[in-house]
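Here is a walk through one protein model, strand by strand. Keep the viewer open as you read.

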Amino acid sequence: MSKAVRNYQQLARDILEAVGGEDNIINVARCATRLRLVLKRSDPEFKRKVSELTGVITVVENGGQFQIVIGQHVGEVYDAFTAITNVEDTTDATVQEKGSILNRVIATMSAVFAPFIYILAAAGILQGTLILINLAFPAFQKTGTYEVFSFISWAPFTFLPIFIALTAAKHFKVNIYIALACAMALVSPTWTEMAGNIANGETIRFFGIPLSETVYTSTVLPPLFLVWALSYVERFFNRVFPDVVKSLFVPLCCIVVMVPLTLLIIGPLSTIFANGVAGGYNYLAENLPILAAIIIGAFWQVFVIFGVHWGITPVVLANFDNFGRDSFQAYQTIAVIAQVGSVLGVFFKAKAQETKKISLSAGITGIFGITEPAIYGVNLRFKKPFIIGCISGAIGAVVASFFNPYYYVYAGLPGPLTIVNTINSENPSSFIGVCIGVAIAIILPIVLIQIFGYGEDSVEKADIEPVKLNNDTETTPTQNDLETIVQAPLTGDVIALSDIADPVFSSGSMGDGIAIQPTHNEVVAPVDGGIVMTTPSKHAIGIRSNTGIEILIHVGMDTVQLNGEHFELLVQDGDDITAGQPLLRFDADAIKHAGYSTVTPVIITNHGDFNELIPTTETAVQHGDTLIEVIK
């Protein structure tokens with residue numbers, strides 16, 4: 001938050017008014033940087049109004065939450081907000097997910113797919129690499145080496161229901177091992193063989209009811225609905241059985257109920273639904289390909305902003321499962337690359353070094369199909385680049401649509417690295433069309449932004465001003481006056497801020513800095529100064545150095561959900577600290593076991609007050625090593 005903004009009560013009142021008043025709020029919570037609201041109804045106007053408030057960095061709507069990114073002073077705003085409302089304060093997941101059905105579906109899809117999407121992306125890149133090798137060396141496809149790498153690349157897709165059962169069990173708060181046991185039964189080779197026999201005309205009955213031929217390897221909705229139903233079944237049996245036998249009989253009853261129920265009802269119905277939605281899209285793509293291209297090319301990144309992009313995953317996977325190809329990801333790739341083109345256009349046009357730095361970082365991240373840093377950090381911030389990217393994506397996708405484009409290998413994160421997944425000997429025009437579309441998507445926004453600009457920008461900082469002495473003469477500050485060292489608060493591996501998963505941090509919108517993957521479980525003070533903020537969940541600390549540097553240390557991603565479990569806070573708000581003093585201890589193994597990353601951003605939240613931040617070039621640091629040089 002800007003130094004000029006200290007009237008937290010007024011900001012809280014402005015936020016309350018902008019989101020429709022207290023009657024529109026179900027729940028309020030906070031983490032280290034964000035005020036998290038669950039609204040009864042959402043409106044794009046809410047986001048616009050709140051984003052324009054002085055003291056608000058950005059607004060992110062995700063998982064059914066209206067997340068207002070404020071920064072290090074979120075605690076003061078939260079206190080002021082709760083003081084003027086009677087809204088319930090809780091971080092319980094069941095409360096947070098209340099609201100519209102759409103918000104709850106989005107929250108579920110995000111929670112289920114986000115944790116393992118990079119695994120699917122890695123497998124897709126491996127498959128794309130094998131395609132390139134086979135093109136260069138056709139004989140390679142007949143070797144045992146190819147066969148080994150091929151089945152490795154297909155394994156995550158074959159056993160996808162197990163991934164889904166794991167993440168869905170955490171989301172719906174059911175016993176993970178019961179969910180996994182049920183999912184393993186669905187992908188069992190024995191059932192696959194039985195389903196094949198049914199498809200060949202054999203009738204197999206379960207208590208007299210004929211079973212469907214549905215195969216569950218690579219499916220999405222059957223395991224998802226299984227775990228959702230399991231959440232109710234497990235609670236029922238936990239109430240029925242006494243504690244002395246619960247550990248044995250609850251898993252037993254859940255498995256013998258849920259697996260047959262899925263084979264008989266849940267599986268066939270959910271598969272029919274997924275195939276029906278996929279069929280509707282395929283009809284549009286085959287009969288009105290230009291319209292399909294415009295919709296996906298122009299609006300895919302809009303879907304990403306609102307978090308509804310996870311909902312298309314079952315459709316795409318159904319296409320690969322049924323036809324071995326999918327056109328959606330071909331157009332999706334072009335939409336992704338158009339936003340990368342826009343952020344690179346800003347990089348070439350910008351004069352402010354900070355804008356150039358953030359744009360280049362976001363552009364590099366976009367190469368891997370991750371566009372959140374580009375969207376939140378640059379394109380939406382200036383608005384015009386985002387619109388130009390959407391228009392360019394639509395034009396590129398329309399041109400590609402004339403070449404019958406398809407992906408023949410699933411891409412977890414479609415982008416420049418997955419274009420090879422469009423290569424197919426029976427449809428050579430697919431690769432050509434996507435390449436042309438991609439070229440348009442990356443070149444057109446760069447050109448348009450050079451011509452029309454990209455919106456308002458901050459002026460580049462001037463050189464360091466001379467310091468006036470009492471006799472009005474001028475002198476240049478000494479090196480010691482210009483430079484302050486921020487020491488490493490953790491021991492671990494150094495990670496670029498742009499490489500972490502949370503776009504609010506990776507985009508630079510929270511501030512500049514660096515991240516550490518800790519190898520020791522203690523956070524120490526990086527500077528001499530004082531504690532200005534701690535969180536009830538104990539996972540984040542705000543510090544102000546004696547030289548005026550405001551530092552946020554945020555242990556892990558989304559670890560606010562742990563409500564302080566596995567953390568031990570050693571200081572309080574207002575405490576004076578010295579560099580190297582222990583501030584916080586945590587149990588990294590327990591945090592990871594709970595499903596959370598321990599990657600820790602170390603952010604200079606008032607980086608704009610300084611001329612330059614120089615992060616360490618080392619790949620690993622220890623407590624007390626130089627992490628960031630701050631040039632005043």
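**Strands, pairings and a loop residue**

The model is predicted. Within this pairing, Asn-27 stands opposite Val-38 in β2. How many of the residues of β1 are buried? The count is 5 of 6, so β1 is mostly covered, with buried meaning under 20% relative accessible area.

Which strands pair with β11? One is β10, residues 492-495, joined to β11 by 4 bridges. β10 and β11 run antiparallel. Look for Val-494, which stands opposite Ile-516 in β11.

Another partner is β19, residues 600-604. Here 5 bridges make the link, and β11 and β19 run antiparallel. Gly-513 stands opposite Ile-603 in β19. When you inspect the strands, keep one rule in mind. In a regular strand, side chains alternate between the two faces of the sheet.

Follow the chain out of β19. A loop lies between β19 and β20 (612-615), and Asn-611 lies in that loop. Is Asn-611 buried, partly exposed or exposed? Its relative accessible area is 34%. Buried needs under 20% and exposed needs over 50%, so Asn-611 counts as partly exposed.

Finally, compare sequence and space for Asn-611 and Glu-354. They are 257 residues apart in sequence. From C-alpha to C-alpha, Asn-611 and Glu-354 are 10.0 Å apart.

How values were computed:
Residues are numbered from 1 along each chain as its sequence is written. This is a predicted model: local features need pLDDT of at least 70, side-chain atom pairs count only at pLDDT 80 or more; totals for chains, interfaces and linings use all residues. Side-chain values use heavy atoms; hydrogens and water are left out. Two strands pair if DSSP finds at least two bridges between them. Helices (H or I, at least four residues) and strands (E, at least two) are DSSP runs, numbered from the N terminus. Buried means under 20% relative accessible area, exposed over 50%, partly exposed in between (1.4 Å probe, protein chains only).
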